[in-house]
Amino acid sequence: TGANSLRAAITSANANPGSTIAFNIPPGGFNLLILPSTPLPALTVPVTIDGSTQPGYAGSPLIALDGANAGTNASGLVLVGGNSVVKGLSIVQFGGVGLLFVQGGSDAAIQDYIGVGPPGNSAFANGTGLLSVISNGDVVASSVISGNSGYGVELAASNGNVVVQNTIGLNAANTAAVPNFIGIGVDAGSTGNVIASNNIAGNGAFGVYFTDPGTTNNVVTNNTIGLLAGGAAFPNGAGVVLANGAAGNTIGTSSSGNTISDNRGYGVYIAGTGTTSNALVGNRIGTNLAGTAAAANGAVGVGILSGASGNALVLNTIAGNTNLNVQIDGAGTSGNVLAANYISTDGAGGTQIGDVH
């Protein structure tokens, strides 16, 4: 069967570092569905698993690796050897993690569907879509990571990873929500990660979530979070959340901010003692991509609450939000700085957008 062939290919690859697992599955029926009945062996050496070798591949996955029968907490592909690539596969219905990078580092997921099956429209949830844990220098690129029960992407105690040009929480065409519970989570002391140029929309709770002490020096830049470039809105519950001691992270840059708009609750929520020294720079929060008209978050544009201190808002356009544009409140919430922002106006400061709060 397909599952037995893949199992044998993984066993062979583990004995031959640097090898490639290619595919040539005959078409027809469900032949492109690989359905293991037990967990697959981990990949312990560098290897490339290349779904784009399947005849007929034209830029999106044809082959689905389906964990529905693999066991309650089974994970799909587990890479521990580092320097490996998973390309052009759909990975669905694993109760644990669809694609797991652990310890080895410098792994890559490219042009995959994780949590959605071909042709990229419907959810077949993994527990977590992709998890990089204690793994540095991984790349997640040009993939659709949607429909998962927990995180779409989670970086846990992992440093220097790049999540770039993905669709997270939507179908492959970016025309309908296929929610993860949380789009991207960065936690457990992860540092130096970059989240750039993704569409992060339609997720149930948060688009991007930073949490835990030691989660620091991460950058979120040039993403659309809730509102897409073409103007379509697929709200996250909240856009970006920094909480529970996440400190020293940067959301946006002066030349490449994010658009964080049309979310159901807060655009950006910063909360908790020890959540400090985070910076919001050059973002549009509650407006369209040009910063010229309202695209309201459903609650507050930016909330700094519950003892969060020493955070900075600089060069942002924060306007048009349903309730307040900026809220700073709560015992111990101190030392936060607002400088050179456009609040309740467009990005040129000339036109009022929504109510002035």
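**Strand pairing and core packing in a predicted model**

Strand 7 (residues 89-92) and strand 10 (residues 113-114) run parallel and are joined by two bridges. Within this pair, Ser90 stands opposite Tyr113 of strand 10. The structure described here is a predicted model.

Strand 8 (residues 97-102) runs parallel to strand 11, and five bridges join the two. In this pair, Val97 has Thr128 of strand 11 as its bridge partner. Strand 11 is also joined to strand 14 (residues 151-156), again in parallel, by four bridges. Here the bridge partner of Val133 is Ala156, a residue of strand 14. Strand 11 itself spans residues 128-133 and is mostly covered, with five of its six residues buried. In a regular strand, side chains alternate between the two faces of the sheet.

The packing of nonpolar side chains was examined next. The largest nonpolar core holds 56 residues, and the members that touch the most others are Phe23, Leu77, Leu99, Ile195, Phe210 and Val268. Helix 1 (residues 2-14) supplies four residues, the largest share of this core. When residues up to four places away in sequence are not counted, Val268 touches Val240, Leu242, Ile260, Leu280, Ile285, Gly301, Val302 and Gly303.

For the protein as a whole, one helix and 34 strands were assigned. The radius of gyration is 21 Å, and the globule rule gives 21 Å for 357 residues; the protein is therefore as compact as a globular protein of that length. Along the principal axes, the C-alpha atoms fill a box of roughly 65 × 35 × 35 Å.

Burial and contacts were also computed over the whole chain. Of the 357 residues, 55% count as buried. The accessible surface comes to about 12,200 Å², and carbon and sulfur atoms account for 55% of that area. Among contacts between residues at least 6 apart in sequence, 74% join residues that are at least 24 apart.

How values were computed: Residues numbered from 1 in each chain as written. Predicted model: local features only at pLDDT ≥ 70, side-chain atom pairs only at ≥ 80, totals over all residues. Heavy atoms only, no water. Buried < 20%, exposed > 50% of the residue type's maximum accessible area, 1.4 Å probe, protein only. Pairing = 2+ DSSP bridges. Core = buried A, V, L, I, M, F, W, Y, C linked by side-chain atoms within 4.5 Å. Contact = heavy atoms within 4.5 Å. Rg over C-alpha atoms; globule rule 2.2 N^0.38 Å. Areas by Shrake-Rupley, 256 points an atom, 1.4 Å probe, with all protein chains shown as cover.
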